[in-house]
Amino acid sequence: MGNQQSIPERGLIYKKLDKDRNEVRLLKFQKRRLRNPQRLNVSLYTVSLSENPSYHCLSYVWGDPNLTWPIYVDGVLIHITPNLGAALTQLEHEEMEALWVDGICINQGDMDERVDQVKKMSEIYSGCVANFAWLGSGDKKSYRAMHAINTVGARWLRNLLVAYLDNVINHSGEEIEDPPDLPAFVELREALRSDGDSNTRDPFTFDSVFDSVPRSCIAIILDAVDILIEESSYNRMRDELIPPLNADFDKAASAWRHIMDRPLWRRIWIVQEMVLPKLVILKCGSKSAKLDYLHAIYEFTRGAMFTPQQKAVGTKISELYECFTSSENSLSFIATRRQSMFSTRNSAQSWDTIHVMLQQCGLLRSTDPLDKVYGLMSISSDMEGLRDLVSYNKSPIQLISEVMKLTLLRHGMRHIQEGQWFQYPDYPWFGFPDDPRLPSPYPIAGTSPFWPSWVNIGEAIYPSYPVFGPLYLLHKGRAEIKVKQFEASKSYRCKLSLLNFPRPDTLRIPCRIIGNVERVCDLSIRTWLQDEDDFEVAQMAMARSIISETEHFFGLEKDLNCALHGKPLWWLFSLQTDVPSNPEFLQSWRKNMEEYKKQFFVLKEGGVDPTNCLFHRTAIIQWLEAYSPFTIGTGYIGIGPRQMEADDKVVIFPDVDVPYVLRPVGNGCYKILGQSYVLGIMHGEFLEHYPPEMMVDLL
């Protein structure tokens, strides 16, 4: 029995919710019927969130979409998904006042109610006593991982908490903020120590103490692992967490992969459902564990990977870290966002914006593409503006364009340069997943014809779009030698308003014109790796070919020296054309540049030891997967999107760090092709000559 057959039967159990009273429905378990003891029996009642009712929430994945699991709701037999039925069966005897679960508490057949409840998600999940996160049925492997979370995670968190309390009480932790109620924390520390050594006592007894620990305290200590814990603690945790030298490691690693590969971690809605509640309880079959215990293990592995203690814990732990940080696993983002939500140490981070979060969570899944936005809305700093956009009658193109417009109005043009994606040029056609709101297939020609070219987060809704990846000219390799960020626009500013959006698909913006593209160097790099058995040799050959072809290409320019403005041509390949902003790094910068110069000429002229040039040849090859050298009619040279053609226009937008290449499409309108690097103007030099300004309509 599918969805279509099951929706009508639900009309008997739902009464209209009062929006003015801020109402939601809650579920309460009842005794099972004598005639049908195998079926769950629940009732629904209505409450106002404004009255702070006591309830728990449930997070789960729909799984099999067919509604085949029978359940009595207020005496009416309806059907829900099997995965939800299994979750409710496990929760039936949990101690709680009531439960909120979207599959039953929302009338899925009432579109107005769905929209209203989506807008309330922040209140619903932040106001619950706890949220149960249903990972699915349990087995031997998953129970092994759940046991590790409850033992190792609890012990590790307790160690952190004791170290933090010692730091605060002794006033020795200058980098950690003092909590407001010091006497209560003294009492808490004594409770933790009352049963002896925190490393030997029963780990499960920590649960009773944990409930009295303020959420902000947990967030602070998990954020300050590197300050609180010494190397000796990491060594001790190595043997408890994952024994890298033990023959049993493969079984332990398999258990972790088994629990972290559950579909729940790949669901877009799970992010806010795990971030907002003060307490999240992981449920796997009959076993339970607190999310904060898993969070503590994640912080341990992260610290072990990226601190001086890395050698102490062994290389095997990297496998566990990979389980936690897979691009389709939400744990790392959830952990970071929970710290920011409940700790003052990480407030006002840039990734609070919906624009950045969509990029970071773009590979997470949702049944409806619109939920990619709605599922992150409640933990975004743009939540108030996004609530006005909620509607399931919109197309994905319309919604993502409205989100980009909101982002530019609230945060400025800098978000134009965050999220540029470049397609493989060799794909002639590609179709999106089957969705009647999107035409398919379509030709790829630089930018998608679906959403406007100034909307650079469309791929977050459809991650199957064939992209090479986000390539940022302004960031590539620059942090390693501590140079200044590019600032081609310097003090060139523009405050956007609604007037800059004359039509839903149009952004009208001023820009400074560098000039028109004159020639583009065609590098057929995809053929160079063919018939090569030795990857190292092939990469060296590819890097040398790129250098040779590029230098020959620019060597045809009569005004080359003028275009370089006194800078050596080989700097073009490194994108490092400026001195450090901080004088203390100047000596280090010069040393690095001398080393780079040597390695560049090894690449160019041929060398015996290709290993020394690994970083440099990889950088050269990587940016030329999506970029090509080009010349501008005004005498400048640089690299830009491979789709460039003669007469494309190179411009500088206000508040944007790098130049952009535009494709004219008629009637004074243009489409963005992508970022470019132009030698000699990346730090505002071009704007010193007061170049002409032009108003363009970006489509």
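In this predicted model, pLDDT (the predictor's confidence in each residue, from 0 to 100) stays under 50 over residues 464-484. For this stretch the model has 85 contacts beyond four places in sequence, where contact means heavy atoms within 4.5 Å. Over the whole protein the mean pLDDT is 76, and 66% of the residues reach 70 or more. Residues 172-176 have a pLDDT below 50, and this stretch has 11 contacts beyond near neighbours in sequence. Where pLDDT is low, the predicted coordinates should not be read in detail. Because the model is predicted, local features need pLDDT of at least 70 and side-chain atom pairs count only at pLDDT 80 or more, while totals for chains, interfaces and linings use all residues. Residues are numbered from 1 along each chain as its sequence is written, and side-chain values use heavy atoms, with hydrogens and water left out.

The overall picture comes next. The protein has 26 helices and 21 strands; helices (H or I, at least four residues) and strands (E, at least two) are DSSP runs, numbered from the N terminus. Of the 699 residues, 57% count as buried. Here buried means under 20% relative accessible area, exposed over 50%, and partly exposed in between (1.4 Å probe, protein chains only). The accessible surface comes to about 30400 Å², and carbon and sulfur atoms hold 50% of it; such areas come from the Shrake-Rupley method with a 1.4 Å probe, and for residues only the protein chains shown count as cover. Among contacts with a separation of 6 or more, 72% join residues 24 or more positions apart.

Inside the protein, the largest nonpolar core holds 175 residues, and Leu58, Trp100 and Phe653 touch the most other members. Helix 6 (residues 140-169) gives this core its largest share, 11 residues. A nonpolar core is a set of buried Ala, Val, Leu, Ile, Met, Phe, Trp, Tyr and Cys residues joined through side-chain atoms within 4.5 Å.

Serine 401 sits in helix 21 (residues 396-411) and counts as buried because its relative accessibility is 8%. Leaving out residues up to four places away in sequence, serine 401 touches Trp451, Pro452, Trp454, Val455 and Pro504. The C-alpha atoms of serine 401 and tryptophan 451 are separated by 6.8 Å, although the two residues are 50 apart along the chain.

A pair of aromatic rings is described by the distance of the centres and the angle of the planes. Rings of Phe, Tyr and Trp (its six-membered ring) pair if their centres lie within 6.5 Å; planes under 30 degrees apart count as stacked, over 60 as edge-to-face and the rest as tilted. By this rule there are seven aromatic pairs. Tryptophan 256 and phenylalanine 324 form an edge-to-face pair, 5.8 Å centre to centre with 85° between the planes. Tryptophan 256 belongs to helix 12 (residues 249-260) and phenylalanine 324 to helix 16 (residues 317-325), 68 residues apart. Both of these residues are buried, and ring pairs link Trp256, Tyr298 and Phe324 into a cluster.

Towards the end of the numbering, strands meet side by side. Strand 18 (residues 660-666) pairs with strand 19 in the antiparallel sense over six bridges; two strands pair if DSSP finds at least two bridges between them. Within this pairing, arginine 663 stands opposite lysine 671 in strand 19. Strand 19 (residues 669-675) is mostly covered, with six of its seven residues buried. Strand 19 also runs parallel to strand 21 (residues 693-698), joined by two bridges, and tyrosine 670 has leucine 698 in strand 21 as its bridge partner.

Finally, two residues stand out by their backbone angles. Most residues other than glycine have a negative phi, and most peptide bonds are trans. Asparagine 667, in the loop between strand 18 and strand 19, has a positive phi near 60° and counts as exposed at 80% relative accessibility. Aspartate 74, in the loop between strand 4 (69-73) and strand 5 (76-80), has a positive phi of about 55° and is partly exposed, with a relative accessible area of 38%.
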